[in-house]
Amino acid sequence: MPSIYEAIRHDHDRHRELLDRIADTSGDSEQRRAAWDEFYREVKSHSAAEEETFYSKMMQQTWGQDAARHSVHEHAQMDEILEELREMDPSSPGWLTRFKTLKHDYEHHMEEEEEDVFKRAREVIGEEENDAYGARFLKRKSQEVELIPEKREDALED
């Protein structure tokens, strides 16, 4: 079982790959749609599981609350952009502009988590708990991904 840090970093690595893959596409291509759909589902389930397991534990310590609240706030901001992008035409210039904002912000967020937040979290989540929190995170993520609809209900069929 991976530790909580390995599980989160593994997801982040996949998210970086998907962001790069999306950035390398153009127009309303099948490649863009497939990478976007995977990215959307991955990030939505990852963020929810991270908040419910990892950040909820950090908030139990007063000095961990600021870092956790900051990251949860960033999740909310990125979620707004994810939903905007989901409603937009992926071939429009506006979609690409908004995607570039998401990519920049999310890459910054992942780096901040891995370099700053993980250091703080190690003071709250003892080494003996790392694997248990990793298991909780992965279980919660698998539950969350099941709650995400395959496609928007109001989307027009192709």
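Select Asp-66. With 58% relative accessibility, Asp-66 counts as exposed, a label for residues over 50% relative accessible area, whereas buried means under 20% and partly exposed lies in between (1.4 Å probe, protein chains only). Asp-66 lies in helix H3. Helices here are DSSP runs of H or I with at least four residues, numbered from the N terminus.

This is a predicted model, in which local features need pLDDT of at least 70 and side-chain atom pairs count only at pLDDT 80 or more, while totals for chains, interfaces and linings use all residues. Residues are numbered from 1 along each chain as its sequence is written, and side-chain values use heavy atoms, with hydrogens and water left out.

Asp-66 and Glu-50 are 16 residues apart in sequence, and their C-alpha atoms are 16 Å apart in space.

**Along helix H3**

Select residues 62-87 to show the whole of H3, which has 26 residues. From first C-alpha to last, H3 reaches 38 Å, close to the 38 Å expected. The expected span is 1.5 Å times one less than the number of residues.

Go to Glu-80, also in H3. Is Glu-80 buried or exposed? Glu-80 is exposed, because its relative accessible area is 53%. Select Phe-54 as well: 26 residues separate Phe-54 and Glu-80 along the chain, and 21 Å separates their C-alpha atoms.

Next, Ser-71, another residue placed in H3. Ser-71 counts as buried because its relative accessibility is 1%. Which residues does Ser-71 contact, leaving aside neighbours within four places in sequence? Select Tyr-55, His-109, Glu-113 and Val-117 to see them. Contact means heavy atoms within 4.5 Å.

Pick Asp-37: its C-alpha is 9.0 Å from that of Arg-86, though the two are 49 residues apart along the chain.

Now color the buried residues of H3, including Gly-64, Ala-67, Glu-74, His-75, Ile-81 and Leu-85. Show helix H2 (30-58) and helix H4 (93-121) beside them. The buried residues of H3 pack against both of these helices.

**The nonpolar cores**

A nonpolar core is a set of buried Ala, Val, Leu, Ile, Met, Phe, Trp, Tyr and Cys residues joined through side-chain atoms within 4.5 Å. The largest one has 18 residues. Select Ile-22, Trp-36, Phe-39, Leu-82, Leu-85, Leu-102 and Tyr-106, which touch the most other members. Helix H1 (4-23), H2, H3 and H4 each supply at least two residues of this core.

Zoom in on Phe-39. Not counting residues up to four places away in sequence, Phe-39 touches His-15, Leu-18, Leu-19, Ile-22, Leu-82, Leu-102 and Tyr-106. Apart from this core lies another, of 16 residues, among them Ile-4, Ala-67, Ala-68 and Ile-125.

**The second largest pocket**

Last stop. Select Val-43, Lys-44, Ser-47, Ala-48, Glu-51, His-75, Met-78, Asp-79, Leu-82, Tyr-106, Glu-144 and Ile-148. They line the second largest pocket. A pocket is an open set of points where a 1.4 Å probe fits, on a 1 Å grid over the protein atoms alone, with protein on both sides within 12 Å along at least five of seven lines; lining residues have an atom within 4 Å of a point.

Which helix gives the most to this lining? H2 does, with five residues. The lining divides into six nonpolar, two polar and four charged residues.

Note on methods: Ala, Val, Leu, Ile, Met, Phe, Trp, Tyr, Cys and Pro count as nonpolar, Asp, Glu, Lys and Arg as charged, and the others, Gly among them, as polar.
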